[in-house]
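Take a walk through this structure, one site at a time. Keep the model in view as you read.

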Amino acid sequence: MSFSELKTVRTRLNRSELFVPGSKPELFEKAVSSNADVICIDLEDAVAPQDKDQAKKNIISALNDFDFGKKTISIRINGLDTTYCYRDVIDVMENSGERLDLIMIPKVGVPEDCYAIDMLVTQIENKIERNKKIGFELIVETSLGITNLDNIITGSKRIESLHLGDADYAASVRKRTTNIGGPNPDYVTLTDEIDGNREKHWNDLWHYPVSKMTTIGRAHGLRIIDGPFGDFSDPDGFIAHAKRTAILGCEGKWAIHPSQVDLANEVFTLPEAEVTKAREILKAMKSAQESGAGAVTLNGKLIDAASVRQAEQIITQTELIESQS
Ligand code: COA
Ligand code: MG
């Protein structure tokens, strides 16, 4: 291990993050009654310009009057390039007490984007003597954001998580997609002919940004959360996508419709078989250490100290889920 210690910035259950437009307060109740770990109320792209002010008022009154239970509550503010952003932060934070947990910053491109919002949030927290510190969720969704990711994360100590914004990312890099977060039938590998057959193998359009985010984000102790899957009538597509990003290191996914919440919770709750295996690995390694062995075999396979680190992560995440369900 490096001498530089790696710490998780903040542990939170974030298997599912349900989005609700701030302009639709009639959906807040439904969002709360869902099993979503996090609810993100949107002020950005799901809210039309003429509804932005009312959406903010809806959020403020919900944060004051509504019982969100134990759920983590986030708001997505408008981008730093708009005329709404600064007032989103000031109006909501100055008028909503302590209930808000997170602010999601869209389209981050440089560390100063995070620094600027941190400056505002810090001043307001100090002014109103807020006890609970706001955390930041960043949406990585532009070529600039992906390019500068390593630096962006140094922009604020409030950053807890990185989220892939599939649609804006596709627009930014001119990736051709047919559905938000989905595959493209033209993005295939045509195999050579084997026994007279050639096959089309669909490839994952999102592998690069997700892998970059998990690699860099984990180096800073952040949660990595997969973004939206637009076709909410396709649960199989959602599950397949979520399983891929879970394997790449994400620990949750957005839900843009309540029907996606339980799917995300299921995929991002580690399978019982993996948890059992992790426990077996820890047990086997403990006895190996007691007898002075380094690497050992379990069920005919090598396990070593790296297996222990993987197993410990599985157990830690499982205990977090169990503690909150
Ligand atoms: N949160 C809470 N409840 C929701 C919801 C959400 N995001 N989306 C839908 N519902 C409710 C509906 O009100 C409806 O409730 P009812 O059965 O009591 O009438 C039920 O779930 C079924 O909804 P459905 O009719 O299938 O969908 P819809 O046509 O009403 O809404 C969307 C579809 C996509 C417009 C809506 O889901 C939505 O606004 N999603 C969030 C979009 C968003 O925030 N995007 C930004 C991030 S990408
Ligand atoms: Mg976006």
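How far does a polar side-chain atom of Lys 30 lie from an oxygen atom of ligand 1? The distance is 3.4 Å. Keep in mind that this is a predicted model.

Stay with ligand 1. A polar backbone atom of Phe 19 is 2.7 Å from a nitrogen atom of the ligand. For Ile 256, a polar backbone atom also sits 2.7 Å from a ligand nitrogen atom. On its own, ligand 1 has 900 Å² of accessible area, and the protein covers 59% of that.

Now look at the shell. There are 15 residues around ligand 1. Those that come nearest are Phe 19, Lys 24, Leu 27, Ile 256 and His 257. Strand β1 (16-21) and helix α1 (28-33) each supply at least two residues of this shell. The most come from β1, which gives four.

Next, the metal. The magnesium ion is ligand 2, and its protein donors are Glu 141 (OE) and Asp 168 (OD).

Asp 168 has 24%, so it counts as partly exposed. The cut-off for buried is under 20%.

Turn to strand β3 (residues 72-76), where Ser 74 is found. Its relative accessible area is 0%, so Ser 74 is buried. The side chain of Ser 74 makes a polar contact of 2.6 Å with the side chain of Glu 137. Beyond its neighbours within four places in sequence, Ser 74 is in contact with residues including Glu 17, Val 38, Cys 40, Leu 100 and Ile 103.

Ile 103 leads on to the nonpolar core. The largest such core has 63 residues. Ile 103, Phe 136, Leu 138 and Leu 162 touch the most other members. Take Leu 138 as an example. Leaving aside neighbours within four places in sequence, Leu 138 is in contact with Ile 105, Val 108, Cys 114, Ile 152, Ile 159, Ser 161, Leu 162 and His 163. Another core, of 13 residues, lies apart from the largest one. Among its members are Ile 281, Ala 284, Met 285 and Ala 311.

Technical notes. Residues numbered from 1 in each chain as written. Chains lettered and ligands numbered in written order. Predicted model: local features only at pLDDT ≥ 70, side-chain atom pairs only at ≥ 80, totals over all residues. Heavy atoms only, no water. Donors = N, O, S within 2.8 Å, 3.2 Å for Na, K, Ca; no water. Buried < 20%, exposed > 50% of the residue type's maximum accessible area, 1.4 Å probe, protein only. Core = buried A, V, L, I, M, F, W, Y, C linked by side-chain atoms within 4.5 Å. Contact = heavy atoms within 4.5 Å. Near = heavy atom within 4 Å. Polar contact = N/O pair within 3.5 Å; in protein donor to acceptor, adjacent residues only side chain to side chain. Areas by Shrake-Rupley, 256 points an atom, 1.4 Å probe, with all protein chains shown as cover.
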